[in-house]
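Subject: Structure for your review

Hello,

Here is the structure you asked about. My notes follow below it.

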Amino acid sequence: MKKQAVSPQPLPDSSTVPLPDLNHEIYPYDLVQNILDQTANFSMFAVPDSSHSVDASLTPENPDDWYGLNGGYGLDWQSDLFRFESVVSVDGGENGVVVDQALGELTGNIHSRWFFSAADHKWSPGKSPSPRIFDPWRSQQFVMQECAITFGDEHTCQCYGMGRTFPINVGGRHVLLAGAVANITNGTGIFAGREGTLVCTGTITADLGFRGNINLRVRDAERTIVSEDKLSPIKKSSEPDPGHTFIALRLAKKDSSVQTTYGPPPGNDQVSLITPSEMRSVRYSYTTGKSGPHTQMEIGKFLGPMEATVFFNLLAPPGTAEAPASFTTQELYTFKTPKGEVVGTISCGVVLGYSFALKFPSAPGQPGMRFAGIGPIQGGTGIFAGAQGMLTVDSLIGISPHALSLMHVLHLVDPAGRFTRVVGG
Amino acid sequence: MKQKSDPTLNFVPTAGATGPSQNASAAPSAETIQYLMDQAAGFSLYANPDLSRKDDGEKRGFVASATLSRFNIILEAPTSEGVRASNAYGEMVGKLEIRWFIIPNDFVAKPDREPPPCELDPTISQRFVMQEATFIFGDGHDGFRSFGTGRTFPMMVGNEARAVASAVGNVTEGFGKFKGHEGNFTICGDLQANGFKGHILVRIADPESELRTQADLPPMQRQAALDPQSTYLLWAGQKDKGLERANRFSVGADGQVRGMNVPIRIKRLQLDCAVPGHFESKDFAVGQAVAREIGFGKGSVDGANPVGTALNPFLFEGVAHYTFHDASGKAVGTITTNFLEGRRFDTKLPGAQDAPAVRFGFFGPIIAGSGCFQGIEGMIYGSTGAVFYPPPGFHLITHFCAARISDPEGKFRGALQAGID
C-alpha cells in the first residue's frame, strides 16, 4: 500500500483550526511502534473469593449506615487473580475459530468497590457519585471508587475508574455483564511510579462477586517487568468460566504504509478517525515469583483485518489522570482462514472510553496516548451470528505517526462452549 | 427539630413534623395511631388467566380476564433447616378484568392517558401500565377498579423462562362493600400472552370495619397448586418497641442527608378472605418475630414534590437486608432486595387527622441471599400502612410483605397449615 498524506481539512464546526496530519512521522514509525510496545501486559482472571462476605459493607467506616448494604447502591467484591492465557486460532474447520483458554496459577487478588452513578457522572477521582440503586435489569454506569490489586505483600497498585453493566438474556436466563476502565493512581513494589491502565469484562455473580478477565497494561520502558527469558508455562488449575470465551488479540498496523484517515464528522465538535489494523493471536503471559511479577507477549498468527472508527473531540485538552479525554468507537473484526476465507465477523464498539496523554523520554516531542475502553458486542456474522458479549481495549498509540499497540479482548458469551478448548482439560 | 435536607429524600410526607408534640395532651398516642393505622383489610389473591374468555378483538396489550382464588401463605417459624411456607390455593372468589400495556421507559402513565404501542419483549425488563384492573368478587356486587404501573423482569423460574411482572396498583373506585375505601395492592407473577398469573397482595383501609370480620371464614376449598415451580413467603413488618424502633438519617460525606435508615422487625402474618356471599376479610394476625430487616430508603427523583397523591404518587426506592433467625436467635439465612419501585400515597387516619399517614406499595428483585437463601432468585413486594415523623420522631408501620421465590424443588415449601398459632 502506498503511503498517502491526509490533507488538512476544516473542522466540522467551520473552525479555522485544520485537522492535523496524523500520519506525519515526527519520529520514524518503527521507532514509535517499538516505544509503544514497551509495556508489561498482565492477562488475569478474577474468580470470586468465597471467603469475602456477601454482607460486606460499601461504607466500612460506618457499617451502621445501611446505605452501605452490599448490592444496594454499589458492590463490594473481592476476587482471586489467576494467570490467564487465551490463544485464538482460525482453522477453517467445523468451528472455524478455536480459543485455547487456560486458567493458571493463583497470583494475587483484587478488591474493588463500585458505586452506581447517573449516566452523566463524569470521571472524578475522590468524588462520590450521587446514589443510584443497583438495578441488574438495566445497563448502568458505575464508579470504581476503589480498586486494589495485590501480588504478594510487596507489589500492589490502586486504581480509579468507571464502568458499566450490560444485562443480556442467554436462553431465557438473565446474565449481567460488567466492564470497567481504570487508571493506576498509586503503586508499590514494581508498580511504584508506574503509568498504566486496567480493563475488565466479566459477569456479576449471584453472590455479588465479579468473575472474568482483567487486563492490566503498565508502561515499562526500562524493561524491568517485561522478561527477555521464557516464562514458566502456565499450570492449569481449573476451567476459567464455562460459557464464556475470551478472545485475546494483539492489533497493530501492518506497517507504516497503512494510513489513518478522517471519516465523516459525527457532529458535536467530534471527529472520526478510520483506523485499519490487523489482528493477530497473542499469548499474554505473566508470573509472580520471588523476583516479582514478570510478563511476556508472544505474537502469533494473522487472523484478519479490523477496522475501527474512533470518535473523539480533537480540541479537547490532552487527557490526564484527573480528567481523561473520552472517546467512543465502532469496530468490525473479520476473522479469516489462512487461505483468506472469511469465517465470521464481530461488530462492537467502545461506549465508555478514556484516554491519557503520553510522553516518551526517549522521543521528546512525540505525542501519544494510552487509552482504554469497553462496550457491548452488537452482533456478528458467519460463525459469530447472534454473538453477545463485550469488548475491552487497553492500548497505546502514537500521534504523527499514528502507530498502534492494541490489546483487545472479545468476550463472547458462549453457553455451549462452542469456541473454547480448555487447555489441559 | 429542623430537617437537615430535602425532605423528599426521607419518605417524609408533607405533614412532616417530629411528632404530635404541639398539643401532646390532646394528640393520640403512638399505640392509638398504630391501632388506627391497622384498621385495614389485608388479603392475598391468586390470579389465573381465564382460558374460557373469548377474544374480544383487542389486539394491543393484555386485555384479559383472570379468575381470583383465595390464597393463603403461612410462613413457618424458621429452624436450623431453613425457612419454609405453606402455599394453599383455595376456591375461586372473584375475577379480575385487565387492560394492561407495555409502555416506553419514559412514558408518564395516567388513568386518562392511553399509552403508545409497545410490544412485550420477554428478554428485557420493560415498564407496563395497568390501565384498568377491575376486581370483582362473588356475584359481582363487591369490588374495585384500579390503576397502576410496574415492570417485567425476565427470569428463569425452574427451567422456564418467564416475564416476571410486578406492579403497584391504587384503588380508584370501589363498589359494593368497597365503595369509599382507599387502598392499594402489589402484584407479583408472570405476564403471559393470555394475561397475568400470580399473587396479588391487597391492603384496603377499613376504618369502619366494613370489610373485615372477626368470625371464622368458611373453610378453604383447596385446589392444586397453580404455580408449583414457585413458593411464596409472607410476613409482617413492624417496629420494635426497643431501641431498634428508631429511624436514622443517612448522611453522605458531603454532610447532606441522602436518605433514611429504617430498622423493622419481621413477624409471621396471617391474611385470609372469602366470599360466602359478600366479600369478607379476616382481621389480619401478626405472630412471632422471625427476622430483622435493616434498610435504606430515599426518594427516587431528586427534588421531587414530597406529596403523594393517587395521580402523582411519591416515588421511592431502597435496599433491604433481611436476616431470618430460628427460635434461639441464630441466623439461618439472609436476603438482600433492592426495591426499585415504590409508590407512596398520603392519606388521613380517621381519629388522628394530623398524623402524617401514608400507604404504599413496593417491589424489587432479590439481589443476593446467604445461608438457606444462598443462590435464590425471586422478588419481594408489599403493601403497607405507615405513619412517618422524621427522626427523632416515631415511625409506625405495618408491612404486608411477600417473597416469590423460584423453587422448583420445593426447598422453601412447607406442609399446609391452618394458621400461625
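Which residue stands opposite His411(A) in E18(A)? It is Met390(A).

Before the rest, two remarks on conventions. This is a predicted model, in which local features need pLDDT of at least 70 and side-chain atom pairs count only at pLDDT 80 or more, while totals for chains, interfaces and linings use all residues. Residues are numbered from 1 along each chain as its sequence is written, and chains are lettered from A and ligands numbered from 1 in the order in which they are written.

Chain A, strand E18

Strands are DSSP runs of E with at least two residues, and helices are runs of H or I with at least four, numbered from the N terminus.

E18(A) is joined to strand E17 (residues 389-398) of chain A by 9 bridges, and the two run antiparallel. Strands count as paired if DSSP finds at least two bridges between them. The hairpin of E17(A) and E18(A) has 5 residues between the strands, and Ser400(A) takes a positive phi near 60° there. Strand E9 (residues 244-252) of chain A also runs antiparallel to E18(A), with 8 bridges. Phe246(A) has His411(A) as its bridge partner.

Chain B

Chain B has 1 helix and 20 strands. Its radius of gyration, taken over C-alpha atoms, is 20 Å, close to the 22 Å that the globule rule gives for 421 residues, so the chain is as compact as a globular protein of that length. The rule is 2.2 Å times the number of residues to the power 0.38. Buried residues make up 55% of chain B.

Strands E1-E2-E3-E4-E5-E6-E7-E8 of chain B form a closed barrel of 8 strands with antiparallel pairing. Within chain B, E2 (residues 62-75) and E3 (residues 85-103) are joined by 13 bridges, and Thr67(B) has Lys95(B) as its partner in E3(B).

Contact between the chains

The contact takes 30 residues from chain B and 24 residues from chain A, where two residues are in contact if their C-beta atoms, placed from the backbone, lie within 7 Å. Several strands of chain B each supply at least two residues of the side that touches chain A, among them E5 (142-157) and E18 (352-371).

Regards

Methods. Buried ≥ 20, exposed ≤ 12 C-beta atoms within 10 Å, placed from the backbone.
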